[in-house]
Amino acid sequence: MMKRTLLSLLAVLAAGTTLTAAASAQASPKPPESGPELANLALGRSYTLETPYPLDALFGKTESAHPDDTGMQLTDGVYGGTKFSNPAYVGRIWQGSRIVTIDLGEPGTVRKIGVNVLQDNANGIFFPSKVSFSVSLDGKKWERLQDGESRLPTTLAGPAAQTIGIDGIDKTARYVKLEVPVEASWMFMDEIEVLGTPDESGKKPHPTPERSHQDDGYPKAGSKQAAGISNQVLLYTGEWPYEPADWISFTKEDLKPYVSYLDTDLNRVDYMFDGFLFLQYAPLLNGANYGASGKPTNKADWEKSLDRLFRTDYDLGALDQAVAEAKAELGQKGGQKGKKYEAKVVVSIPYPRPDQADFGDVDGDGVSENLKVSEVGEEQALANREKVVKWYVDEVYKRWEAAGYDNIELSAFYWFNEFLNRQAAEKEDELIRRTSDYVHGKGAKLQWIPYYFARGWADWQAAGFDTALMQPNYLFHNTAPDRVSTIAQAAYDHGLGVEIEMADGVLTDAALRQKYYTYLNEGVERGYMNSFKAFYQQVKTLKKAAESADPAAREVYDKTYRYLKGTYQP
């Protein structure tokens with residue numbers, strides 16, 4: 001029901017404007033500079049094309065449909081135009097980035113480097129926002145040069161091609177390295193050029209110190225950035241077209257095994273989770289969707305979400321009651337490392353869609369807010385989307401204060417959309433930064449959980465999020481267990497955490513159960529067990545596990561508890 005399918009997300013990435021003459025001119029090469037005639041030193045030269053992490057068993061096969069047949073397609077001088085089906089293009093999908101290392105054969109003076117790339121929104125092919133370049137004399141010690149940035153708008157529908165590069169380099173080098181992000185489904189490139197002269201008149205490279213990860217690593221459990229939360233569970237609430245109609249919501253009894261660790265007789269023994277992320281079940285019965293697919297939601301839909309969330313005997317009201325009962329029975333102690341237990345709430349912000357032209361009036365001026373970029377332009381759409389988000393955050397606080405909860409604390413907000421939709425709005429990152437500033441002003445933090453190498457995953461801090469965790473999506477895909485270790489390493493390298501994923505199938509299917517345990521085992525091996533972490537579940541999977549008479553299903557609950565407490569062993 002809550003299964004996440006990456007390939008289905010390609011269809012929801014909104015197309016932007018069409019290529020204009022001005023954009024075409026902007027993508028054209030600059031006039032040649034005066035001075036010695038430059039040759040393409042990379043033409044016909046060999047190279048390696050690698051992923052920064054082990055090749056994924058699933059997506060490695062997927063990208064084989066657009067291979068580097070000759071092993072020389074990126075330096076053979078042949079361009080593919082604007083058709084991704086042209087065999088001159090090499091296509092790569094997700095998995096972080098691609099690293100191309102070219103051996104020029106002998107040292108030369110490098111003046112310009114560029115890689116030609118394609119954007120075709122309708123087919124899920126997007127420009128990288130930037131490309132990093134490095135040069136070396138020996139292939140071991142590298143000087144990192146400035147990044148090359150895309151000069152065409154992210155919303156360009158295409159198909160269109162451009163060269164992303166840098167010039168004015170003046171470095172003597174035999175080896176040239178490019179790292180090209182691949183974080184928005186497909187990236188297509190057809191040619192890399194290294195322009196320069198076959199001499200050693202340039203300056204020698206100065207090796208750049210190895211990047212230190214001392215400020216990265218997994219987010220710390222209970223840290224300020226994590227809003228004081230150590231262990232967080234995702235709790236969906238929303239409409240359900242089947243019986244029971246209120247299945248996707250939580251009563252006090254439903255929440256008991258999440259607030260408290262229960263023995264097999266369902267008696268409280270200890271505290272369980274200290275963070276509770278309430279987020280919208282995405283599809284509504286009216287065909288709208290709180291995310292980026294389906295029809296865009298409006299003010300009435302967002303109010304409906306809040307009406308559900310703030311019911312007295314469900315969701316927030318039920319959590320307040322469940323925590324009160326737990327404290328009465330267990331006392332105040334029982335938080336992480338013996339500290340006082342505090343139940344912290346995170347509220348999801350629905351995605352303010354940049355294709356919504358009639359959201360509704362949120363400021364009482366009688367005018368419905370138009371968020372649609374193609375109608376009001378980027379700046380006005382940004383202002384209107386920001387207005388909508390502020391209205392929603394204010395409404396959450398107003399209702400929270402009116403409810404008068406005694407046992408739960410509003411600590412953070414969560415950005416619902418699981419990728420940065422830069423193909424629909426150029427100002428997407430700016431909207432998130434403004435949202436972050438606004439919730440900070442209220443004393444809260446802003447969280448995000450992108451899917452597997454989603455667009456923006458490596459830029460989460462620059463976008464304004466306080467914490468981010470990445471979804472491995474291993475449980476839902478036919479891929480190898482190293483998918484989890486790969487995401488763990490990528491997350492560590494960029495300061496993210498790792499989301500743990502489970503579904504009801506882990507309670508009945510031994511193979512799925514072992515996949516779930518892979519997340520836990522890697523948490524011990526890789527060290528993210530003791531970081532800030534969040535658990536995705538299929539509505540009430542852990543409740544079912546706690547109450548199950550099947551020892552294998554019950555074991556899922558017990559092992560999860562030990563994992564939360566840092567005592568789990570594979």
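Just after helix α5, G331 takes a positive phi of about 85°. The model in which this residue sits is predicted; local features need pLDDT of at least 70 and side-chain atom pairs count only at pLDDT 80 or more, while totals for chains, interfaces and linings use all residues. Residues are numbered from 1 along each chain as its sequence is written, and side-chain values use heavy atoms, with hydrogens and water left out. Helices (H or I, at least four residues) and strands (E, at least two) are DSSP runs, numbered from the N terminus.

The mean pLDDT (the predictor's confidence in each residue, from 0 to 100) is 91 for the protein, and 92% of its residues reach 70 or more. Over residues 1-32 the pLDDT is below 50, and this stretch has 72 contacts in the model beyond near neighbours in sequence. A contact means heavy atoms within 4.5 Å.

Helix α5 covers residues 315-330; at 1.5 Å a residue its 16 residues should span 22 Å, and the end C-alpha atoms are 22 Å apart, which agrees. The expected span is 1.5 Å times one less than the number of residues. Among the buried residues of α5 are L316, L319, V323 and K327. Buried means under 20% relative accessible area, exposed over 50%, and partly exposed in between (1.4 Å probe, protein chains only). D315, also in α5, has a relative accessibility of 0% and counts as buried. Its phi is near 55°, a positive value in a residue other than glycine.

A positive phi of about 55° is also found at D170, which is not a glycine. D170 lies in the loop between β8 and β9 (171-182) and is partly exposed, with a relative accessible area of 22%. Most residues other than glycine have a negative phi, and most peptide bonds are trans. The peptide bond from G158 to P159 is cis, with omega near 10°; P159 is placed in the loop between β7 (148-149) and β8 (160-166). E243 and P244 are likewise joined by a cis peptide bond, with omega about -5°, and P244 is in the loop between β11 (231-237) and α3 (252-259).

Helix α6 (residues 373-403) packs with two helices. Its axis and that of α7 (residues 428-441) come within 10 Å and cross at roughly 30°, which makes α6 roughly parallel to α7. The crossing is right-handed. Residues in α6 including L382, V389 and V393 meet a set in α7 that includes L431, Y438 and V439. The axes of α4 (residues 299-309) and α6 come within 11 Å and cross at roughly 25°, which makes α4 roughly parallel to α6. Among the residues making this contact are W302 and L306 of α4, and W391 and Y392 of α6. α4 passes α6 in a right-handed crossing. Axes are lines fitted to C-alpha atoms, for helices over the stretch in contact, and angles run from 0 to 180 degrees between N-to-C directions. Angles under 35 degrees count as roughly parallel, over 145 as roughly antiparallel, 65 to 115 as roughly perpendicular and the rest as oblique. A crossing is right-handed if the near helix is turned clockwise from the far one by less than a right angle, and left-handed if anticlockwise.

Nine of the twelve residues of α9 are buried, so this helix is largely enclosed by the rest of the structure. Its buried residues pack against α2 (57-62), β20 (467-470), β21 (497-501) and α10 (510-526).
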